[in-house]
Amino acid sequence: MSQSCDFERGALVAVLTAQPLGGTLDYLAPEGGCDAGDFVEVPLGPRRVLGVVWGPGAGGFDLAKAKAVSRVLDLASMDAAMRGFLERAAAYTLTPLPAMLRLATRAPRLMDPPGAQKVYRPGDATPARMTDARARVLAVLREHGGMGFGLSDLCDLAGVSGSVVKGLVAQGALIEAEAPRDAPYPRLDPDRPGHALNEDQAAAAAALCEGVRAGGYGTTLLRGVTGSGKTEVYLDAVAETLRQGRQALVLLPEIALTTEFIDRVEARFGAKPAEWHSGAGQAERRRIWKMAGEGGVQLVVGARSALFLPFRDLGLIVVDEEHDPSYKQEDGVLYHARDMAVLRASLGGARVVLASATPSLESWANAEAGKYNRLDLAARFGVATLPRMGAIDMRAEALPASRWVSPTLRAAVTARLAAGEQAMLFLNRRGYAPVTVCRACGHQIGCEHCDARMVEHRFQNRLVCHQCGESAALPAACPSCGAEGRLAAVGPGVERLAEEAGALFPEARIAVLSSDLFGSARALKEQIAEIAAGAADIVIGTQLVAKGHNFPLLTLVGVIDADLGLQGSDLRAAERTFQLMRQVAGRAGRAEREGVALLQTHQPEHPVIRAILGGDEEGFWRAEAGARRQAGVPPYGRMAGIILSSPDARAAFDLGQTLARNAAPLRAAGAEVFGPAPAPIARIRGRHRVRLLVKAPKGAPLQEAIARWIAPVKLPAQMRLAVDIDPQSFY
């Protein structure tokens, strides 16, 4: 700690903890004093908890009763920009500030003293016999200036087994030593050459790099068709960020994407970045968290929660596939990672790159309005070309009952298989069938805890609720009337589609990609790698397959039900259908062979289907923007959802009616309130759910009005109230 500090010993300081207490607590500064942003340990009842010095204490009580901060922790301080980000994010999402701090401290044992691990460094001796494996180990250490590596890291970098390293230790060529467990990550080399870029890519990369060099905040929408090489373009911006001595963060929407991406980063920079996601081990999460604050990690690749890491000097945030719905956190703290990325960058003087082949309407509109820069990549990289799009009018197909692959699509798949190519059948429904009905009494098997039908998963021989996760064995008799042998699966899921494909193409190797079928992210990654290497002839998948995967042999995509996403009243139904269809079609023809995408549809004249087939993306966005503008909904208006839940349905509805009757603060801000009404899924995990929807003009002070509106509410026992600013779903 420096000689001077913000708060001398005994000064009253406000400390924010992650405990659900509403705000900061006052403590006395410890011996040696403390600074704003210091991580501290403080007593709270019988416990000692982690906190951050937030500023001067408020006082207003007998200071003799004030407790002192126990100690200042050996952690890098949280800078003013990060504290400001948490405050602004809390205010925007109407989330208590302690809950935001909880997001920012999601690493284990932060109050523990630094641990130690064995690391390996170059020794003085030369091995008696030099093998290729031993040479690779020594070369890795030379390339990194003699830095010590843990055993697993060194083996990964050199591509050797642990016995090779141990053998070098035995001969004195390596030294085994103790070092802090939370060690810096291997340095990335920004000057290693990347892939040769075409003219459009080079121009886009130059523009991004110029922004990084200029410094300060700025957001760029990088729109490129599928396969256009957006990743190589923004990796140039990452390289420039590293040259400037700043840190970079790349957000990905799906953990299954990380393996291929990490390999590309390693090839580009000579070392792996840090990975932050739910699959990372506890020790690794602590290491990343600490190194982010100390500057010991240059590049983090992660899920949306990586936005809350305490970077020392974050210079670039890339949100890849920025349109993806998974960037919206739908439970706990309700936030959208794309919007929070822009907020964090604006407060910390960083650049943002929003990359997508099918941007969200929000990002498209911000670029149209001049708030974001926009760069376009209109063609695929190299010899690959965009797939030809076609519709199969299901009204004209002679399709037997309980079959979903049309004769036209079947013939197309047969032709591709005969040519030694891969085909993909896409259906955005998990499981075997979405409904199980009794043919004797008409009963549909539902979840006991939710107002949702149980989905049959025949591969697992279970019925599963996709809302709460409850599962049960497939019954032999109807639970309503007791009739045996009368239960029937209605409608297709990917498992049923796989069963049909096996009957239609008995010689084909079939792989099913659905999140339900893999026990771990590692197993899913391995399956994706095997498919890319040609281990399957037909790939059947849900929207998981649309998320950026590259299957070189895949030349045909068949969409089983292109109309599926157009059903319902979701204001984003057209946008999401357009994005999903264009993304999944983009899996075809990403190498030398031409690709084709065929959409099975009962309404080929639908404007969205026509836009998908025609490829007039700008025309689609303009039409969709016009409709949204006229309706006054996002991004040309503001919305918020209020979700009340309780074991007592009547109590939830009564509170909703009370809120609706007392909506004067909303009306004063020009907002309207609709409801209360039962949520589309009115019961989840035994809790009844009631929704109210608030709609306001674009410039209305919505959060302030909602805060005044709900402030007088005293929640009964077991009642929960959640506010969802900018809702992305309405279930």
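Visitor: How many salt bridges does the structure hold?

Guide: In this predicted model, the structure holds 33 salt bridges. One of them joins the side chains of Lys290 and Asp182, with 3.5 Å from N to O. Lys290 belongs to helix α9 (residues 282-294) and Asp182 to the loop between β8 (174-180) and α6, so this pair ties together parts that are 108 residues apart in sequence.

Visitor: Are Lys290 and Asp182 buried or exposed?

Guide: Both Lys290 and Asp182 are buried. To read such a label, one looks at the relative accessible area, and a residue counts as buried when that value is under 20%. In another salt bridge, where the side chains of Glu362 and Arg572 meet at 3.2 Å, N to O, Glu362 is buried because its relative accessible area is 13%, and Arg572, at 3%, is buried as well.

Visitor: Which residues are linked with Arg374 in a network of salt bridges?

Guide: The network links Arg223, Arg374, Asp376, Arg582, Glu617 and Glu618. Within the pair formed by Arg374 and Glu618, the closest N and O atoms are 2.6 Å apart; this pair links distant parts of the chain, with Arg374 in strand β15 (residues 373-377) and Glu618 in helix α17 (residues 617-631), 244 residues apart.

Visitor: Which residues of helix α4 are buried, and where do they lie around the axis?

Guide: In helix α4 (residues 151-158), the buried residues include Leu154, Cys155 and Ala158. They cover an arc of only 100° around the axis, and therefore they lie on the same side of α4. Just after α4, Gly159 takes a positive phi of about 70°.

Definitions and conventions. Residues are numbered from 1 along each chain as its sequence is written. This is a predicted model: local features need pLDDT of at least 70, side-chain atom pairs count only at pLDDT 80 or more; totals for chains, interfaces and linings use all residues. Side-chain values use heavy atoms; hydrogens and water are left out. Buried means under 20% relative accessible area, exposed over 50%, partly exposed in between (1.4 Å probe, protein chains only). Helices (H or I, at least four residues) and strands (E, at least two) are DSSP runs, numbered from the N terminus. The arc is that of the directions from the helix axis to the C-beta atoms. A salt bridge is a side-chain nitrogen of Lys or Arg within 4 Å of a carboxyl oxygen of Asp or Glu.
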